[in-house]
Structure formats: C-alpha cells, structure tokens
Amino acid sequence: MLSYEYRKKLERATNIYHNLIKYGEINLEEESVIGTELQDDEIREIVDVLVTNAESFIFEINKTLYLIPEVENKILSFSNSEIKEEMLGSSSTYTMEYLYLCYYIFITFLSLIYEGEGYNPKTRDSVRIDEIRSEVDKRLKPHFNVDSDDPKYIDFKIKFNITIVSKLWNIAEEHKDRKNIKNQKSQIGLIDKTFEFFRRQGLVQITNRKIEITPTKKLDEIIKQYYTHPGREHSLIKLFGGVEDEQYQPD
Amino acid sequence: MEWLSPIYFIAEKIANAKRYKEEYELMNLAFIVLLYFQEITLSEDRGCDVEEIAGFLKKLITHHYDKDIPFRDALDLATFIVEDIFRNGGAFFRLNTRDFTSEKNIKNMVIKLIETDQVGLLDDQYNTYKITNLGCEVLFRTLEIDKTMRISMEMLRLQQEFEKGNYDTAYRSTQELLNLSRQLRMEIEETIRKIKVNIDLIVKEEIDELHNRLDINFEKERQSFEKLLNQVYTRIEMLNQEIELEYNQHKEKMLYMINRVSENLDKIILEFAKVLRFKQGIDLVYEKALIDSIDIGSHKRITFNKLLDDFEGKGLTDENTVKLMKPLLSFKFNKRLNLKKIFEEQRVISENKKEKTNDNRLDMKGLVDNSEKERVKEINEHYIKILDTLIKYSYSNGGTVTLSELLKALKNNEPEVYEEISNDRNFYVVLVRIYQSEGRYINLVNNYKTYKDLKLIPQSDFVFNYIIGKLLDRKKSYRNIKGIYIEKDSNELIIINNRFKVTNVRIGVETIA
C-alpha cells in the first residue's frame with residue numbers, strides 16, 4: 001500500500017509526464033508550480049523513470065523542459081509524408097526524394113557546425129548559406145555520374161541513398177538571386193525551405209540579413225546530449241544500411 | 001602569450017586577402033576597427049552593427065586617405081574586415097598548444113577577437129559585434145602596461161586630479177577606469193563561459209592567476225572607490241551650498257563635471273560588485289566542469305561527417321530516416337501514437353514475460369536485440385563491481401578513504417581489479433554521479449526501498465536505484481550502511497594511467513546507528 005505522501009508525489013509526477021507527452025515541452029517560468037515540484041528529488045526521479053520507460057529523455061534549456069524521443073522509440077512516431085507536407089507543402093510537385101535531399105542538406109549543415117570530437121562538438125557559431133551550398137555540392141558532385149545499375153544502388157529498401165540525392169541536386173536548377181526565387185526546386189530554393197522548416201522547429205535562426213544560419217541553444221543541447229553522446233554511437237551507426245536489423249515490411 | 005596568436009591569424013588572413021590590399025593598409029584599418037569595437041563595447045556596453053562600422057570607415061577614409069568612398073563600398077569593406085578577417089567566415093580560429101600535464105596531448109584553443117549577437121525582428125535579423133576580452137588584451141598589450149597595475153595606476157591619477165580640482169581630467173580618468181573595470185568583468189565572464197563550453201580551453205593556472213590578481217588588489221581598489229565616492233558626495237554638497245550662496249558659472253560647470261565623475265564612480269562600483277559575484281562562483285563552475293569532463297573526456301564523439309560518410313556508403317531505409325531525424329523534431333509530429341507498434345511492443349513484452357521465471361524486475365522492454373541486452377547487462381555488472389569496491393575499501397579503512405589511497409590499496413591487494421577498474425571510464429562515471437548528487441551523498445536505504453517498490457529497467461547509464469538494489473541483494477552485510485558520500489579532499493589533481501585527470505576526493509560510508 002502506497003503512503004498518502006508518496007501517492008500524492010506519484011500523482012504530481014504523472015501530471016508533469018502527461019504535460020510533457022501532450023506538449024513536448026514545459027516552460028518552467030510560466031508553469032512555476034511544475035518547476036517547484038520538480039525540485040523534489042522523488043518527483044523528479046519518478047518523472048525520469050516514466051520518461052525513460054517511454055524511451056525518451058528530457059533536458060532543460062533556458063527554463064524550458066523538453067521531452068525528446070530516443071531513436072528506437074516505437075511509441076511516439078510520425079511519418080516522412082507528414083514532415084514532407086510541413087516542409088515542402090502538400091503539392092505533389094515534390095516527391096519524397098526531395099525531402100531526403102532536404103535532410104541531407106541539414107545533416108551537411110550539422111557537419112559544418114559540430115565537427116569536434118572532444119568534450120564540445122561545436123566548432124563554429126554560424127555558417128553562411130553559400131558555404132552550405134558549396135559543401136553539399138562538393139560532397140555530391142563525385143556521385144553525379146554513378147552507374148545507377150550498380151546493384152549497390154538499386155536495393156529498393158534503401159530509399160534514401162546517395163544516387164537519388166545527388167541526381168536530384170544535380171538537376172535542381174541554379175538560381176543566383178535569392179530574393180526572387182521563382183523556381184522553388186532550385187538548390188537555393190530547397191536550402192531556404194529546409195532551414196525555414198528547422199527554424200520553425202526552434203533549431204536554427206536565419207541571421208545576418210538571411211545569409212547565415214545560426215544554431216539555437218536547443219539544437220546545441222540536442223546534438224551534445226543526444227547525437228554526439230558517446231553512449232549513442234552504437235544505435236546511430238546501426239541505422240545506416242542496416243535493413244537486416246529491421247523488421248522491414250514492404251509498402 | 002595567447003594574445004599574440006590573433007595577430008598572427010589576422011596577419012595571415014590579410015596576407016591571403018584578394019581584395020582591398022592594394023587600396024588600403026588593411027592591417028591598420030583592421031586594428032582601427034578593433035579599437036572602435038573596444039570603444040563601443042567598453043564605453044557604451046553594447047555591440048555595433050556593420051552599418052555603424054561602415055559609417056565610421058567612410059569618415060576615416062575621407063579624412064585620412066583623402067578619398068570619397070560611397071557608403072555601399074564602405075559597407076563592403078566593413079563586411080570584409082569584420083566577417084572575413086575577424087570572424088573568419090564564422091569558423092573559429094584555432095590555436096594548437098601542447099598540454100604539459102600529459103606531455104602527449106595537443107590542446108586546441110579557440111581564438112576570438114570579436115563575438116556576435118543577433119538583434120532585430122524575425123524577418124530582419126542582423127549581427128552586432130562586441131570585442132572579446134582577448135581582443136581588449138591585444139589592444140591593451142600594445143600599450144605595454146602591466147595588467148595588474150592598470151587600475152591602481154589610473155586610480156592614483158584620478159585621486160590626484162580630484163584633489164587638484166581638475167574635474168575634466170578626473171572625469172576622463174573615471175571613464176578610463178570604467179573601461180578597465182568592464183574589461184575585468186568581461187574577462188571573468190569569458191573565463192566562466194570558456195569553462196562551461198569546454199574545460200580544455202582553459203588551464204587551471206589561468207584561474208589561479210585571475211584569483212591572485214583579484215585577491216591582491218581587488219578589495220583595496222574597491223574600498224578606494226567607495227572612499228573616493230564619499231569624498232565626491234561631500235564635494236558636491238559643498239559646491240551646492242556655495243552656489244546657493246553666490247551663483248558662479250565656473251562653479252556650475254565644476255558641479256556638472258563632478259556629478260559626471262560621481263555617475264562614473266557609481267558604475268565602477270557596480271562593475272566591481274559584479275566581478276565579486278563572478279569571482280565567488282568561478283571555482284564552483286570550474287570544479288563542476290572538471291568533474292563533468294572526466295565522464296566524457298576519455299571518449300571520442302561520433303561526428304556528423306562520419307554519419308554523412310556512412311550514409312553515402314550505405315544509405316538509409318525510410319523507417320530509419322525517421323528514426324534518425326526523430327529527436328530533432330518537435331512533438332507536433334511526435335505526439336501521434338502509433339497503435340500498431342504499441343501492440344507489437346506489448347506482444348514482445350508479453351512473450352518475454354512468459355519465458356521469465358522469478359526475476360520479473362529485469363524487464364528488458366525495448367531492448368529486443370539480444371546483443372544490446374548483453375551489452376547493457378555487462379555495463380551494469382561493471383557499475384555494481386565499482387560501487388562494491390568503493391564501499392568495501394571505505395568500510396575496511398574505518399569508514400573513509402581517499403581516491404589515491406583506494407587506488408594504491410587496490411593495486412596492492414587486487415592488481416587485476418585495479419587494472420580493470422582504473423582503466424574503465426565507468427569508474428569515473430560512478431564517482432561523478434555520486435559527487436553530483438545533492439549533498440554529495442547517496443542514501444542506500446532509500447534507493448534500495450525504491451528498487452524493491454518499483455519495476456526498474458537496466459540501462460546503459462548509471463541508475464542508482466537499480467545498481468544499489470542489485471548490490472544490496474547480493475551483499476546483505478551492506479544493508480547496515482546508510483549511505484555513501486564523496487567530498488573534495490584537496491586541490492590536488494591525480495593522474496591515473498596517464499589517461500584520467502581527476503581531483504583527489506574522499507569517499508566515505510555512513511553506517512546505520
């Protein structure tokens with residue numbers, strides 16, 4: 001039988017957990033009661049146990065508590081089509097491959113900002129958009145003329161692959177004047193859409209009169225505590241090419 | 001000598017510059033812009049944007065080069081100096097230095113002369129720039145005044161000018177002192193920032209040097225400012241009375257200047273109060289960062305370049321793409337519950353439960369991969385062994401033992417365990433976790449009770465309830481121990497196997513009375 005006091009703490013912890021599940025974040029300044037409750041070690045510990053059981057983790061930045069799902073989280077989920085709609089709109093102009101290219105652009109940006117292998121992965125404050133474009137170009141150019149009949153590239157399960165991404169990048173029309181983007185499928189047009197989406201997610205700021213991308217503190221923390229955390233290397237590496245590890249169901 | 005390296009970097013950037021080299025003495029212009037930053041940052045305590053710098057450069061070039069430069073060209077030049085030279089296009093300047101403590105490691109320090117801040121509304125955000133402490137240092141060093149003496153010397157001048165009644169000069173002197181005290185405050189703020197970002201950016205000697213400087217002169221200087229401010233107030237009162245009796249324009253002007261002196265002295269005292277607050281916190285921040293760094297310091301992180309290489313070589317399935325991006329996206333996407341997967345998940349758990357016999361606490365939910373299960377189990381066994389060693393040696397040594405004593409005893413009594421534990425980063429993780437707990441203390445009794453009451457999952461991270469529960473289940477004699485604590489024993493740093501650098505701590509156990 002639980003004691004009255006413990007039962008109350010359990011109720012408060014569950015309430016905090018439900019708020020995190022519902023909104024994904026809690027502003028501890030606005031929700032000062034929750035902030036006070038979390039100072040209680042036992043409540044905090046119960047919330048931690050609930051969050052861990054939900055295959056997620058929490059962290060606090062600037063008085064806001066965030067709930068982030070782990071890679072292997074099977075309960076909280078979304079699909080790529082939902083993201084595509086949010087990032088590129090509902091028009092059928094953009095196939096799923098365009099979304100993959102946008103992901104590639106964003107990961108390239110991350111590779112420029114968080115290069116460090118030591119305690120702090122962050123090595124610079126910001127990157128200019130033209131530098132991101134030339135870096136993506138530099139990485140993808142060698143793959144423009146890859147033989148697409150190579151069995152390595154025709155595995156139907158590996159949908160997000162270098163051949164698709166590089167070909168799409170190659171045909172994405174160059175457009176030099178960013179202020180009059182007529183062709184939204186141009187390289188710069190796609191870069192704009194990518195970072196506008198991640199800006200809305202609170203991960204980057206488009207600064208210095210829209211020529212520079214600066215990561216937010218939230219992104220810094222997610223990268224430090226999640227992607228580059230030494231304990232997660234194994235689960236991240238496993239994702240690449242590793243279809244044999246998955247219970248894969250064809251569409 | 002850290003201040004010398006920026007000059008090298010700037011000289012190199014200018015030597016490689018493809019623009020403006022023929023038209024202007026770029027090195028001079030760069031240092032003039034740096035001085036402009038210093039003036040704005042220290043005198044007005046704010047940043048300035050590139051248009052402001054362009055305006056300044058336009059005036060300067062018109063007067064000194066006798067050349068009419070359009071504002072647009074001045075803007076290009078300002079952007080080039082600030083963004084391409086000082087900010088190196090957003091990439092940090094890095095300075096490699098040898099770490100003398102290990103003799104092997106090369107430290108990688110980040111050099112910044114200016115720092116940026118984003119201002120403006122969402123659609124029109126732009127950068128403003130402020131000089132860093134290192135930038136100030138570069139400029140001050142060129143004056144060849146010893147750092148520790150600057151405030152004292154200027155203070156002496158101020159007192160003399162005030163005594164003589166030269167309030168104009170006294171005011172200029174307070175302005176200089178205000179700049180110096182702001183620089184001192186910025187220096188401490190930046191030291192704290194460097195410690196927080198990466199403790200490898202700073203060596204303990206830098207903090208000691210800062211402390212020494214503040215301990216010797218700081219309190220004396222602070223008292224002198226307060227004493228002088230009292231004298232200034234008295235003088236203001238006297239002047240007010242004199243003016244009331246007989247108005248005099250000269251005295252009115254004196255009163256105006258002395259009031260400005262008093263305003264500046266107020267600001268200086270405020271800066272000193274801020275310095276005092278930061279000074280008190282710096283040791284705590286350093287100690288926490290040091291112990292945090294033990295946790296991660298021995299491991300190299302995975303980089304996004306490696307992830308891109310893996311992607312380019314192997315690709316990703318649609319499902320794994322979602323998994324990779326999931327932690328980045330807000331709950332607007334993540335809140336949708338995937339019922340099919342929950343069902344599958346439940347089925348896996350139910351089937352696993354059927355196979356289990358007695359130990360239903362070892363609920364490996366989510367860890368369906370056997371190799372992963374084994375890995376987590378192995379990590380937890382390590383944690384249990386480490387905690388056992390800490391308790392055993394503290395207990396047998398009369399309830400308390402220092403880390404160096406423990407390692408020495410372990411080396412003599414159980415050399416194999418010593419080899420295993422001292423090279424295991426988890427050993428330091430356990431120390432850090434206890435040290436980070438409230439009151440540096442872990443209550444074994446409460447943790448064991450929670451372990452018994454709740455169903456816990458073993459994880460790769462150190463979870464007290466689970467580790468303590470498992471250990472106390474195996475070693476019943478430990479159930480008369482109330483708790484374990486760790487406290488700092490001295491400032492001595494011990495280096496273990498040329499790999500881990502850690503403050504010598506004292507580990508102790510408290511038994512139930």
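Mentor: Gladly, and keep in mind that this is a predicted model. Let us begin with the largest nonpolar core, which has 64 residues. Phe109(A), Phe195(A) and Leu219(A) have the most contacts inside this core, and helix α5 (residues 96-113) of chain A gives the largest share, 14 residues.

Trainee: Which residues does Leu219(A) touch?

Mentor: Leaving aside residues up to four places away in sequence, Leu219(A) touches Phe106(A), Phe109(A), Leu110(A), Tyr114(A), Leu203(A), Val204(A) and, from chain B, Leu328(B). Another core, of 43 residues, lies apart from the largest one and includes Tyr466(B), Leu471(B), Ile484(B) and Val509(B).

Trainee: What makes the contact between them, by residue and by class?

Mentor: From α4(A) come Ile83(A), Glu86(A), Met87(A) and Leu88(A), and from α8(A) come Leu190(A), Lys193(A), Thr194(A), Phe197(A), Phe198(A) and Arg200(A). By class, that contact has six nonpolar, one polar and three charged residues.

Trainee: Why is Cys102(A) called buried? And what about Cys48(B)?

Mentor: Buried means under 20% relative accessible area. Cys102(A) has 0%, so Cys102(A) is buried; Cys48(B) has 1%, so Cys48(B) is buried as well.

Trainee: How many disulfides does the structure hold?

Mentor: Zero, over all chains.

Conventions: Residues numbered from 1 in each chain as written. Chains lettered and ligands numbered in written order. Predicted model: local features only at pLDDT ≥ 70, side-chain atom pairs only at ≥ 80, totals over all residues. Heavy atoms only, no water. Contact = heavy atoms within 4.5 Å. Helix = DSSP H or I, 4+ residues; strand = E, 2+ residues; numbered from the N terminus. Nonpolar A, V, L, I, M, F, W, Y, C, P; charged D, E, K, R; others polar. Core = buried A, V, L, I, M, F, W, Y, C linked by side-chain atoms within 4.5 Å. Buried < 20%, exposed > 50% of the residue type's maximum accessible area, 1.4 Å probe, protein only. Disulfide = S-S within 2.5 Å.
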